[in-house]
Amino acid sequence: MNGNYDQVVATFNAKLSEIHTGIQIPLKKADEGVLLCNNALYHLKTLVDQLGFSSIEEEIHFFKHVKVEPLSFLVFFTEIRSCHLHMPKLGVKNKLAFLKKQTGRINKFFCKNCDFVNYMEQDLNYLDRQYFMRSHQVFPVHTLPESAYLDPTFFTSHDMLWARIKGMNQFVFYIQNLRQDIILQDQTRHSPMARKKPLHWTASKIALIELIYALHESHAINHGQDDLKTIALNFEQLFGVPLGNVYKKYSEIKCRKGIRARFMEELTHRLNTRMDRDDEY
């Protein structure tokens, strides 16, 4: 196989790894992926025009294994782009219904082409000359919007179908992961622990420690079965505030002169004041 073709694909794969970095691909990355694939196909086509093939085996290998790499990812990124643009913006049920239709469309595609899928997955080759040589060219049914690649010197009867199969296989996993993410986000949003607005402790840390000790001593949480450290950890997570060594801070509270539980006194005073004020109306 001509090394120039392999070099184009190697460069393509290196740049692809910078775009295809995670499970979910945003619209901007999908657009970049489409551009990358188009550029790789353009360079491959230029090389085919300039160099051609030295043998039948080389031609078959090119259309079966080389061109299909950027072409299958062109299918993949085009499907992702379409998914982003057409998916409903609001409503979990609407989004899941849309993805269900996409899944149905993909299943019909694979069912329709099951014989060719089986041929390729079994790594058979007895029909390769018919499928992957330009002399047996038939206008492909499954074409892409990028019709420039239908130049008679640059396609066979089944290379585009093979690319679409490989691209759709990747898109299936993308759809499955996207569906799981939507369901998970919906469950998290409706979880009892989920809050639309996070809570922030705006009093002093030592005041929060006073409250924790008071709640622990009154057995107000889990009937007093949890220790101070467990309660303090939960309050840290609830308010997003690190409390440090609560035992040391408690020692400082005990060493105060006069009223030692100042925050508790303030809470009692403020609540009584509120009730007195409400009674005036």
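**Close-up 1. Helices α9 and α10 are oblique to each other.** In this predicted model, α9 (residues 205-217) and α10 (residues 228-239) pack at an angle of about 135 degrees, with their axes 10 Å apart. Angles under 35 degrees count as roughly parallel, over 145 as roughly antiparallel, 65 to 115 as roughly perpendicular and the rest as oblique, so this pair lands in the oblique group. Axes here are lines fitted to C-alpha atoms, for helices over the stretch in contact, and angles run from 0 to 180 degrees between N-to-C directions. Helices (H or I, at least four residues) are DSSP runs, numbered from the N terminus. On the α9 side, L208, I212, Y213, L215 and H216 make the contact (heavy atoms within 4.5 Å); on the α10 side, L228, I231, A232, F235 and F239 do. Sorted by class, that gives nine nonpolar, one polar and no charged residues. Ala, Val, Leu, Ile, Met, Phe, Trp, Tyr, Cys and Pro count as nonpolar, Asp, Glu, Lys and Arg as charged, and the others, Gly among them, as polar.

**Close-up 2. Helix α6 is roughly perpendicular to α8.** Their axes come within 11 Å and cross at roughly 80 degrees. Look for F116, V117 and M120 on α6, and L161, W162 and I165 on α8. This contact has six nonpolar, no polar and no charged residues. Leaving aside neighbours within four places in sequence, F116 also touches Y131, F132 and H158.

**Close-up 3. The largest nonpolar core has 54 residues.** Such a core is a set of buried Ala, Val, Leu, Ile, Met, Phe, Trp, Tyr and Cys residues joined through side-chain atoms within 4.5 Å. F62, F77, F116 and F171 touch the most other members. Several helices each supply at least two residues, including α1 (3-19) and α2 (27-51), but α8 gives the most, with eleven. A second, separate core of 17 residues includes L211, I231, F239 and V246.

**Close-up 4. G33 sits in helix α2.** With 0% relative accessibility, G33 counts as buried (under 20% relative accessible area; exposed is over 50%, partly exposed in between; 1.4 Å probe, protein chains only). Beyond its neighbours within four places in sequence, G33 contacts I19 and F77. G33 and L16 are 17 residues apart in sequence, and 7.2 Å apart in space, C-alpha to C-alpha.

**Notes.** Residues are numbered from 1 along each chain as its sequence is written, and side-chain values use heavy atoms, with hydrogens and water left out. In this predicted model, local features need pLDDT of at least 70 and side-chain atom pairs count only at pLDDT 80 or more, while totals for chains, interfaces and linings use all residues.
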